[in-house]
Amino acid sequence: MSDVDTWLAHYHAHSAVLPGAELPWLADIRRQAIYRFADEGWPTRRHPRWNHTSLAFMDQQDFAPAGVAPDAAAALARLRGEDAGHWLVFVGGRFDAALSDIGPLPAGAQLSSLAEALATHPEAVEAAFGSHEDGDSPAALNAALASDGAWLRLARGVTLEAPVHLVFIAGADEASRHLRNLIVAEANSEATVVEHYLGSGEASTLTTAVTRLQVDADARLTHLKLQQEAEQTVHLARIDAVQGRGARFASHSLSFGARLARHDIGTRFDGEGCEALFNGLYHLDGRRHVDHHTRIDHAQPRGTSREFYRGLLDGLSRGVFTGRVIVAKDAQRSDAMQRCDNLLLSRQAEADARPELEIYADDVKCSHGATVGQIDEDSLFYLQTRGLDETHARRLLTYAFATEALDRIDLAPLRKQARAALMARLPGGELLEELL
Amino acid sequence: MLDINNLQASVEGKSILKGLDLHVKAGEVHAIMGPNGSGKSTLAQVLAGRDAFEVTGGSVTWDEHDLLAMPIEERARAGLFLAFQYPVEIPGVSNAYFLKAAVNAVRKHRGLPEFDAMDFLTRVKAEMKAVGMKEEFLYRAVNEGFSGGEKKRNEVLQMALLEPRLAILDETDSGLDIDALKVVADGVNRLRSPERALIVITHYQRLLDYIVPDQVHVLSHGRIVRSGGRELALELEEKGYGWIGDSGEVHSAPEPAGGAQ
Ligand SMILES: Nc1ncnc2c1ncn2[C@@H]1O[C@H](COP(=O)(O)OP(=O)(O)O)[C@@H](O)[C@H]1O
Ligand SMILES: [Mg+2]
């Protein structure tokens with residue numbers, strides 16, 4: 001079962017063996033976090049931030065280990081191809097040193113598993129870890145149970161040329177995995193971090209993932225998440241950034257797997273002139289459900305935020321987007337724009353898009369828009385008159401709809417990986433392979 | 001090659017083609033002219049298989065086949081090509097991919113080997129040169145942001161690459177300057193052969209200075225109301241379409257001898 005008592009028992013059984021268990025501050029956060037989770041329980045529709053995605057079913061949900069060991073090395077090789085970069089691999093919620101290849105790092109860069117960082121420089125981790133109060137109750141569960149994740153810290157002015165890839169492969173023995181990634185980019189540093197979530201098999205499993213990013217003044221951080229969990233996984237995730245003056249942060253969220261995926265993605269502009277790009281793409285079929293819940297906090301003046309979310313919804317699936325934008329009273333000349341466009345590939349699929357604007361300043365530019373549509377009949381006909389059969393034409397148009405989101409990914413190798421992940425989802429992707 | 005008998009079609013319950021007859025033999029070029037709204041595009045789209053138009057009567061036989069029973073892509077693969085009056089923009093799909101997918105779909109059907117990337121590029125670049133298109137148009141999305149003239153050149157390019165046996169050009173000449181017009185005419189003339197037939201829908205006789213049709217037809221209110229040689233086009237240019245009555249009946253129809261009111 002996945003009810004509160006079960007998780008409380010899980011905490012009592014595991015807390016002593018979690019990394020950093022001996023650190024009082026961490027034990028304290030974990031204890032408070034599990035009690036907060038126990039108090040609040042799973043969010044239901046009554047919760048204002050969860051009214052399109054209830055987790056009430058979790059009280060009756062049984063999670064079970066996949067049982068079969070994944071071929072992690074093969075999965076990694078497929079993903080990695082020729083790509084250099086810094087590769088950290090986690091199997092079943094634990095760092096796997098043998099599969100990982102962190103590679104050479106410039107001076108001033110720290111990159112390791114969270115467990116290792118807790119052993120070697122716990123004070124720095126403490127400052128970045130966050131608290132039991134962050135987010136909603138699933139994030140508290142993560143704070144209580146996170147068994148590992150990545151630690152990346154860049155000193156002032158340090159640039160990582162190659163992307164950091166964090167590969168999270170579901171293991172054979174765990175019914176749940178809880179991952180926490182901490183990223184600290186000091187002033188004027190630059191990096192790209194990619195999180196891959198991979199799973200396979202039929203078992204119902206749970207993944208919770210929290211990534212916290214501190215992007216200091218004039219730093220540039222690109223975060224890309226590729227969620228390709230197994231069909232029966234529940235994926236509850238949070239990406240939480242804080243930006244200093246002039247910092248640029250981009251979040252690309254590609255959500256292709258899992259039975260239910262919830263992504264809370266937020267940033268706060270803590271200095272003037274910040275820029276944020278939130279880009280998302282999801283593909284759903286069957287009865288699957290994905291919810292992107294974003295928050296952009298224009299706490300300081302002259303910030304620019306751009307949000308683009310696109311959904312491909314098939315079967316009886318449901319895609320939800322909520323875009324919350326807060327412009328503080330003194331955050332003059334803020335510029336916020338958000339769009340959510342959904343393509344319905346079946347009559348029963350459903351899309352919800354809802355802006356939530358809270359604007360307290362008067363000199364602001366704020367816009368939002370949402371569309372829900374079907375494959376364009378004129379385009380379909382045009383392609384068919386050129387000899388493409390209907391299936392091929394539909395796939396091509398579906399892909400074409402998604403490609404706008406992929407094109408926003410600047411780095412070509414990452415765009416290619418994202419494309420391949422999408423192709424793997426779309427039936428008949430091999431027909432379109434030449435587009436890669 | 002193409003026999004259209006008493007074709008009737010409607011859209012949203014409104015009757016548009018009201019008993020149209022047209023017979024085109026292999027090797028011939030037919031021009032169809034007629035006022036706006038007379039049903040020219042409807043005819044073209046029905047022949048290409050657009051299901052928004054409901055065929056309510058009549059028949060179309062193409063080389064012994066019941067054309068109307070064939071799926072859209074089968075018509076295309078068997079060699080029917082429609083150059084659209086309004087080519088569709090497809091963001092996100094590169095023109096190169098689109099052209100290659102189209103050419104290979106048709107080649108496969110004809111039992112020819114599919115082009116690989118290199119062969120295709122060589123072929124497409126040569127044809128692009130012939131229609132005066134810059135190579136960059138290969139890497140742009142299909143028709144997206146193309147000017148009117150560029151879209152029409154892209155249609156002629158597709159026609160040249162697909163080598164249809166029956167090509168229908170729906171006002172491909174409209175809105176073009178004289179250079180672009182010559183490109184269209186040249187595309188048609190290069191395709192002319194004893195095995196092929198072409199139907200050129202045009203609003204102006206101007207195009208027919210460059211494409212000499214075997215027959216000219218006047219379409220009005222969903223029917224062919226006059227057929228003749230190329231001199232009919234000149235006559236239409238001179239007299240306009242005013243001699244065709246509102247309900248489609250021909251008032252003092254100018255007989256070949258003339259005699260318009
Ligand atoms: N999709 C449609 N829905 C409703 N009416 C249509 C549609 N397409 C064409 N029509 C009507 O059918 C008639 C013939 O149109 P069309 O075939 O485009 O004429 P032409 O090409 O000769 O200008 C016009 O009255 C036009 O308004
Ligand atoms: Mg027309």
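Analyst: R310(A), R339(A), D341(A), E404(A) and R408(A) are joined in a network of salt bridges, a salt bridge being a side-chain nitrogen of Lys or Arg within 4 Å of a carboxyl oxygen of Asp or Glu. The model is predicted, so local features need pLDDT of at least 70 and side-chain atom pairs count only at pLDDT 80 or more, while totals for chains, interfaces and linings use all residues. Residues are numbered from 1 along each chain as its sequence is written, chains are lettered from A and ligands numbered from 1 in the order in which they are written, and side-chain values use heavy atoms, with hydrogens and water left out.

Over all chains, the search finds 44 salt bridges. One of them, in chain A, pairs R245(A) with D218(A) at 3.4 Å, N to O. R245(A) sits in the loop between β10 (233-243) and β11 (248-255), and D218(A) in the loop between β8 (205-215) and β9 (220-228), so this pair ties together parts of chain A that are 27 residues apart in sequence.

In chain B, R165(B) and D63(B) meet at 2.6 Å, N to O, in a salt bridge. This pair spans 102 residues of the chain, with R165(B) in the loop between α5 and β9 (166-170) and D63(B) in the loop between β4 (54-62) and β5 (65-66). R165(B) is partly exposed at 30%, as is D63(B) at 26%. E235(B) and R226(B) form a salt bridge whose closest N and O atoms are 3.9 Å apart; both E235(B) and R226(B) are buried.

Three salt bridges cross the interface of chain B and chain A. R386(A) and E155(B) meet in a salt bridge at 2.8 Å, N to O. On the side of chain B that touches chain A, α1, α2 (72-77), β6, β7, α3 (95-109) and α5 (148-162) each supply at least two residues. The largest share of that side, seven residues, comes from α3(B). The contact (heavy atoms within 4.5 Å) takes 32 residues from chain B and 24 residues from chain A. Together the chains bury about 2,100 Å², 65% of it on carbon and sulfur atoms; this is the accessible area (1.4 Å probe) that the two parts lose on being put together, summed over both. In chain B, R50(B), I72(B) and Y97(B) lose the most area to chain A, together 29% of what that side buries.

Chain B also supplies protein donors to the magnesium ion (ligand 2): S41(B) through OG and Q85(B) through OE1, lying 2.1 Å from the ion. Donors are N, O and S atoms within 2.8 Å of the metal (3.2 Å for Na, K and Ca), and water is not among the atoms, so sites may look incomplete. S41(B) is in helix α1 (residues 40-48) and Q85(B) in the loop between β6 (80-83) and β7 (90-94), 44 residues apart. S41(B) is partly exposed at 25%, whereas Q85(B) is buried at 16%.

Methods: Helices (H or I, at least four residues) and strands (E, at least two) are DSSP runs, numbered from the N terminus. Buried means under 20% relative accessible area, exposed over 50%, partly exposed in between (1.4 Å probe, protein chains only).
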